[in-house]
Amino acid sequence: MSQPVFILLDDQLKASQPALDKGLRIAQGLDAPVVIAVNSFSPSLVRRIGDDENRLAGARYAVSHAWEARIEALLDEQDLDDAVREGISTRILWDSDQYDALREAILDADPRLLVVHSDGRDRGIRGLWLTPRHWHLIRKAPCSVLCVDENAWPDELPVLAAVDPEHDGGELTGLNATIVRAARDMSDALDTDLRLSYVIEHPDETLVLIAGEAIPSYVGNADTLRDYYAERLTTLCDRAGLDPDAQVLLEGRPAEALADHQQRHGPLLLVVGTVHRGPVRRLLLGSTAEKIAGNARGDLLVVKDENFETPWNIPDFEDDED
């Protein structure tokens, strides 16, 4: 059996579940099985019950049963054929340690993709609201992580992959290849367009004057710089089997430029890659990827580089909440 799409539900029983809607659509497009998981543990309920183990066991059973009914009702609202429905399994967890519960469930499922809701509009935030739990999953989960907002997807949802045409001399290798491959999977699953994007950061004029001849000729002015990267991005599009008009060349600071483009041209799915660095017990994203993720104004797919190894597999690993 192929690796599943792992859909993590919001832990409020009556909440809307955009991660379920979007995760199921992707899974159908990928012809992949689905694991639906939720941690049903309720600290407030446990506090009210206290140390009465019998009452606690009864409450846990009631909560689990309520979640089973809720998930069935949500699935009944979906247009799923029998084969897809049979490929769905559920994991209703009950663990006071949300990180430990998620780690074990995700490692057991060995998913190709993790889908989680991270909308911040009800908190006055324009775009995604990445909590410590989201960063925990983005940094440590063994697979790509798709963070989604409340906005429903249209029939055609463009996929925009943020790449670096300078990487490996413009060859479609390494992280660029990983990003494009993941983005193509999404565009194929959604039956929509794939585009490649790069953000030109113009050098500080003072630094150009000081450096003089040390600055490459193509950095001399805005036009030559744009022409240079347009040519490199066109080459990368060609190597990805895309038309030249599939490129989206932006200017400015990468995080802000991509967020602005996503807001103005959305909804669209933004795909970014990560490079982990630092001690293995404290994996971090590259600084640019961190900023892009933190500024995203719509759905975001965070792709791990091909050499990524989750710290969850390290013997005697002690997790933390970042």
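This is a predicted model: local features need pLDDT of at least 70, side-chain atom pairs count only at pLDDT 80 or more; totals for chains, interfaces and linings use all residues.
Trainee: What makes residues 18-30 a helix, and how does its reach compare with the expected span?

Mentor: Helices are DSSP runs of H or I with at least four residues, strands are runs of E with at least two, and both are numbered from the N terminus. Helix α1 has 13 residues. The expected span is 1.5 Å times one less than the number of residues. From first C-alpha to last, α1 reaches 18 Å, close to the 18 Å expected. α1 is followed by D31, whose phi is positive, near 55°.

Trainee: Which residues of α1 are buried?

Mentor: The buried residues of α1 include P18, L20, L24, A27 and L30. Buried means under 20% relative accessible area, exposed means over 50%, and partly exposed lies in between (1.4 Å probe, protein chains only).

Trainee: What covers the buried residues of α5?

Mentor: The buried residues of α5 are Y99, A101, L102, R103, A105, I106 and A109. Their cover includes β1 (5-8), β2, β3, β4 (113-117) and α6 (132-140). α5 itself has 12 residues and reaches 16 Å from first C-alpha to last, close to the 16 Å expected.

Trainee: Why is S144 called buried, and what does S144 touch?

Mentor: S144 has a relative accessible area of 14%, and the limit for buried is under 20%, so S144 is buried. S144 is found in strand β5 (residues 144-148). Contact means heavy atoms within 4.5 Å. Not counting residues up to four places away in sequence, S144 touches R112, L113, L114, L301, V302, V303 and K304.

Trainee: What makes E72 and R85 a salt bridge?

Mentor: Side chains of opposite charge can pair when their charged atoms come close. A salt bridge is a side-chain nitrogen of Lys or Arg within 4 Å of a carboxyl oxygen of Asp or Glu. The closest N and O atoms of E72 and R85 are 2.7 Å apart, and the pair is a salt bridge. E72 is partly exposed at 40% relative accessible area, and R85 is partly exposed at 27%.

Trainee: Why is the pair of E166 and R232 said to tie parts together?

Mentor: E166 and R232 form a salt bridge, with the closest N and O atoms 3.3 Å apart. E166 lies in the loop between β6 (159-162) and α7 (174-190) and R232 in helix α9 (residues 222-239), so the pair ties together parts that are 66 residues apart in sequence. E166 counts as partly exposed at 29%. Elsewhere, salt bridges that share partners join K22, D149 and D299 into one network. The whole structure has 10 salt bridges.

Trainee: How many aromatic pairs are there, and why is the pair of F41 and W94 called edge-to-face?

Mentor: Rings of Phe, Tyr and Trp (its six-membered ring) pair if their centres lie within 6.5 Å; planes under 30 degrees apart count as stacked, over 60 as edge-to-face and the rest as tilted. The count is 3 aromatic pairs. The rings of F41 and W94 have centres 5.2 Å apart and planes at 70°, so the pair is edge-to-face. F41 is partly exposed at 22%, whereas W94 counts as buried at 16%.

Trainee: What makes K304 sit over the ring of F308?

Mentor: A charge sits over a ring if NZ of Lys or CZ of Arg is within 6 Å of the ring centre and within 35 degrees of the ring normal. The charged end of K304 sits over the ring of F308, 4.5 Å from its centre.

Conventions:
Residues are numbered from 1 along each chain as its sequence is written. Side-chain values use heavy atoms; hydrogens and water are left out.
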